[in-house]
Amino acid sequence: MNPDSEFIQRDRGLHPPAVTPIYKTSVFRGPHRPLISLQNSLSEVTGPAFGQDELGPLDNDLILNYAKAGEPVGERIIVHGRVLDGAARPVPGVLVEFWQANASGRYRHRNDTYIGTIDPNFGGCGRTITDAEGRYVFRTIKPGPYPFRNRVNDWRPAHIHFSVFGSGFAQRLITQMYFEGDPLIRHDSIINTVADEGARDRLVARLDLNAAVPLDTLAYRWDIVLRGRRSTVFENRLQGN
Amino acid sequence: MITPDTLGYLPETASQTAGPYVHIGLIPKQAGFDIFETNLGETLVTPAVQGERIRIEGRIYDGTGTPVRDALVEIWQADSFGRHNHPADRQDGPRDEAFRGWGRTGTDFQTGLWCFETIKPGRVAGRRGHRRMAPHISLWIVARGINIGLSTRLYFEDEAEANAEDPVLRIIEQPERRKTLIARRETREGRPVYILDIRLQGEGETVFFDL
């Protein structure tokens, strides 16, 4: 058993609490009782691993992975960054999945009835595996904002949903990435479920002109931090029966 | 780009709700379209996998008692020998190479039912100084209105002896609350089905863990 394989405690102050009345759906879906704290066993420090052979060659190219009669309409962007852990080490070989609306703010989903038009050449999902330095990259169309039923006139800022696996199931994380300079961010009922200003700011990707492809595609940079593992030099708490 | 604290640690990225359209990214077929060659997490059991075939299923209820019909459920479990498919599992004994131990599904848009076809896991070593854990499956639930993924466990009604000495169930102070993690067994067409309903809030609220 790895002596360093237990996770550092999650700082719940950096995450949204379960019940956040500004985001109305959370009011009946957030637990009221305190979470039971569980010291990590083997079931929490382990988790699934995924291989490159399970992915297709266009899985990280949302401009082409659903293109039928042509390319999708909208602002062509690259999104890239690194997956790091709490000890600032890169997290290589982990699955990163992403999904989003099209340039009109419309999702390809049977339950989305927004008036914004469906783009026949845009699916809106992709996935990749981080490289040896923990880097991920994908190409897409910048999503549009869209309205949702919360307050009468609530609009989500442009955002991309992210799902990330670490090496243990207790690192599992789903979050959303926003775009630098979007004036809707400060009005958003969902990013504002996070009380900590620094934590909200870290959900915002920065424009990265240096990674843009001239005359072709703009770029944004966004790093993701997963929980770190503790280095326990003197004991191996997970060992044995 | 992310500023470390004075000891050099980086703060974890904040969670956000998976939203109502989580299926697009994670189960696109349920969203209504086919895009990937391989859909991850669809199949846990292949003919090569060893162990007793079981079905696990249930519904997730909100604080008003209404089924949540847009949730995503993932499971992670040991194989029939009680081993996890992961290098950190250095327990002795055999391991089932054919079993990944991870699955993903969505609750049904009409009925709210979720289900997995899997195998019953073996017992896994507990932390040092503790007994082996009872057979269990780890569940992780996200949905619209859930700001951070909820972690819980499914235990089996017909493992009463192992459950009684399980080191995790025992840290739940109130015996009544332990029952929220125990799946009831039924036999359907000769096959075992374990049913675990999850209550997000209020009376009979399921125990959720801070891992």
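Modeller: Two strands pair if DSSP finds at least two bridges between them; strands are DSSP runs of E with at least two residues, and helices are runs of H or I with at least four, both numbered from the N terminus. This is a predicted model, in which local features need pLDDT of at least 70, side-chain atom pairs count only at pLDDT 80 or more, and totals for chains, interfaces and linings use all residues. Residues are numbered from 1 along each chain as its sequence is written, chains are lettered from A and ligands numbered from 1 in the order written, and side-chain values use heavy atoms, without hydrogens and water.

Biologist: What makes β2(A) and β5(A) a pair?

Modeller: The criterion is at least two bridges, and β2(A) (residues 76-85) has seven with β5(A) (residues 135-141), in the antiparallel sense. Therefore they count as paired. One of the bridges sets Val79(A) against Phe138(A).

Biologist: Which sense does the pairing of β2(A) with β11(A) have?

Modeller: β2(A) and β11(A) (residues 218-221) are parallel, over four bridges, and Ile77(A) stands opposite Leu218(A).

Biologist: How many helices and strands does chain A have, and why is chain A called as compact as a globular protein of its length?

Modeller: Chain A has three helices and 12 strands. Its radius of gyration, taken over C-alpha atoms, is 19 Å, close to the 18 Å from the globule rule for 241 residues, so the description holds. That rule is 2.2 Å times the number of residues to the power 0.38.

Notes
Buried means under 20% relative accessible area, exposed over 50%, partly exposed in between (1.4 Å probe, protein chains only).
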